[in-house]
Amino acid sequence: METISFVERASRLGQGSSESALSDRQWLRRWIDPKVIVVGSGVVALVMIACRVYQQVYAWTAGIDSTSPEFQAYWMRLLYALFAIEAIAAAASWGAVWMTRPRDFSKLTTAEELRRFGRFVAIIFCYVFAVFWAGSFFAEQDASWHQTVVRDTSFTPSHIILFYFSFPVYIILGITAYLYGMTRLPRFAARHSLPWVIAVAGPFMLLPVVAYNEWAHSFWILEERFTAPVHYWFTFFAWSGFGLGGLLLQACDYLYELVTGKPQTFVGTGGPKEDPALEFEREVA
Amino acid sequence: MAAGGQLPLRREPAASTAEEVQEIYRWFDLVIAVLLVFLFMALYHIYTMLTVGDWDFWTDWKDNRWWITLTPFLEMPMPAAALYIFWSRFRLPIAGTLLAVSLVLATWLNRYVNMHGWAYFPLNFVWPATLIPCGIVLDCTLALTQSYLLTGIVGGFAWGIIFYLANWPLITPFLQPTDLHGVMASLADLQGYHYIRTGTPEYLRIINRGTLRTFGQEPVYLSLALAGFASVLTYGIGLFIGWAFTKTQFAWFKRV
């Protein structure tokens, strides 16, 4: 009986080398793995709702005065716990994707490449879902809190969840998706896609903007206008989400080529004659 | 973009029948459609709250000058950028409506769960405005004219004008006059006086000044005209941004 290490076994699983799974063509009907979408988005939704419930219970009762003992007990400890959870989640997800990466693209079948591409799209779905919680749900909630309660610290009940939890969650998922594409798909292994880099790095830049924002709010503690210039960098980087528009166009080309086996062409559109990715993705094979 | 047509196969195709091809595309379309709703809920919402958020949060900020001018033209670039991507590559005239609906979903979720459920403001003080009729008109103009230019001029101007008309039934009850210690104010103003926020000083400085502002009158029509013209301008800016992002389709760079 062959003895293999955990990493080797995980690596084989990561390559999706289960022939029986691929020989059953039913999987093509749901080639973007619905389990990844449901489980990934479900976990994100659960933790975000849990955070919201925690805020409901402890924000008004223990989150008003940062010098009080109950603030330290209920909010600062939560902050430290969230930092620890984020570090573990980042190390686990990035480590798992990296350690289980396939080492050889030369024997990659088109069906297996499509399956990996489907998982890639599923992880991006979870990433976008996490961006929704950070960019929409908790971002406006922050406005409701700071239009009502004057801050006496940067670590307010809304900031702890918004800046120091929901932002890191989508950053972890975005980098996980990026690493997955880079290690599983020849096209993304050979080159960096500019729109995909923008779509991951842009929202990531909101975290440095938090530093600037909090620095500025040490001068102006009131949220007199939510549309104040100090917040404009958040708006600027919100546009980077449109990088997913460029990625969507690349994904359509990729999908067409995987499904039909034919190259995508752009004659008469002002683009290149043929999809340039078809050439360079062979470099890694 | 043209299909591969008679070109030779570059790899073994994953699908073996035309039905399989259709099923693969259909599943991709469905997942991407849901993904786009969440994406625009995030992008358009954060963009809106940080450009005209104060006007959208509170009824007392929903005045007859700044609100009806700033909101339409500052909210135009993002739908225009999406419009270019959807129309130029997919021939889908849906961007205006899609973004407006996504924004309404995101804002109502927030106003109910957070503004009302957490900060305890009454809902009739924090209801969000709607851009849905503006989006429908923009998309219909594009579908009928199939022209970016005409969509900008006609649809863009209509976007600026229609915003106030669309929200008129929502704001009207709060523009009724009331007497407050011998001073006439609108009900919206009265709500604001009762709910003091950290934004109140800016409200007093920006909104609660001037003599013709409270109940409408001719500043409304001037504001609408300005909103329409400015929306045409910001439509062009948004269109350019959308064009720039479509150009990234062929932008790959080597790993360092």
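In chain A, 81% of the contacts with a separation of 6 or more link residues 24 or more positions apart, two residues being in contact if their C-beta atoms, placed from the backbone, lie within 7 Å. The model is predicted: local features need pLDDT of at least 70 and side-chain atom pairs count only at pLDDT 80 or more, while totals for chains, interfaces and linings use all residues. Residues are numbered from 1 along each chain as its sequence is written, and chains are lettered from A and ligands numbered from 1 in the order in which they are written.

Chain A has twelve helices and one strand; helices (H or I, at least four residues) and strands (E, at least two) are DSSP runs numbered from the N terminus. The order of elements from the N terminus is α-α-α-α-α-α-α-β-α-α-α-α-α. Along the principal axes, the C-alpha atoms of chain A fill a box of roughly 60 × 60 × 30 Å. Of the 285 residues in chain A, 46% are buried, a residue being buried if 20 or more other C-beta atoms lie within 10 Å of its own, exposed if 12 or fewer, and partly exposed in between.

The largest nonpolar core has 146 residues. Such a core is a set of buried Ala, Val, Leu, Ile, Met, Phe, Trp, Tyr and Cys residues joined through C-beta atoms within 7 Å. The members that touch the most others are A:Phe125, A:Cys126, A:Tyr127, A:Val128 and A:Ala130. Helix H5 (residues 110-146) of chain A gives the largest share of this core, 23 residues. Leaving aside residues up to four places away in sequence, A:Val128 touches B:Leu35, B:Phe38 and B:Leu39.

The contact between the chains takes 73 residues from chain A and 60 residues from chain B. On the chain B side, H1(B) gives the most, with 20 residues. That side divides into 38 nonpolar, eleven polar and eleven charged residues, where Ala, Val, Leu, Ile, Met, Phe, Trp, Tyr, Cys and Pro count as nonpolar, Asp, Glu, Lys and Arg as charged, and the others, Gly among them, as polar.

Helix H11 (residues 243-260) of chain A packs against H1(B) at an angle of about 170 degrees, with the axes 11 Å apart. Axes are lines fitted to C-alpha atoms, for helices over the stretch in contact, and angles run from 0 to 180 degrees between N-to-C directions. H11(A) and H1(B) are therefore roughly antiparallel, the term for angles over 145 degrees. A:Leu244, A:Leu248, A:Leu255, A:Val259 and A:Thr260 of H11(A) meet B:Val21, B:Ile24, B:Phe28, B:Ile32 and B:Leu39 of H1(B).

Two strand pairs follow; strands pair if DSSP finds at least two bridges between them.

| Strands | Sense | Bridges |
|---|---|---|
| E1 (residues 191-193) of chain A and E3(B) | antiparallel | three bridges |
| E1 (residues 177-180) of chain B and E2 (residues 183-186) of chain B | antiparallel | four bridges |

A:His192 stands opposite B:Phe253 in E3(B). In E2(B), B:Ser186 is the bridge partner of B:Pro177, and B:Met184 stands opposite B:Asp179. E1(B) and E2(B) form a hairpin with two residues between them. B:His181 in the turn has a positive phi of about 50 degrees.

Methods: Angles under 35 degrees count as roughly parallel, over 145 as roughly antiparallel, 65 to 115 as roughly perpendicular and the rest as oblique.
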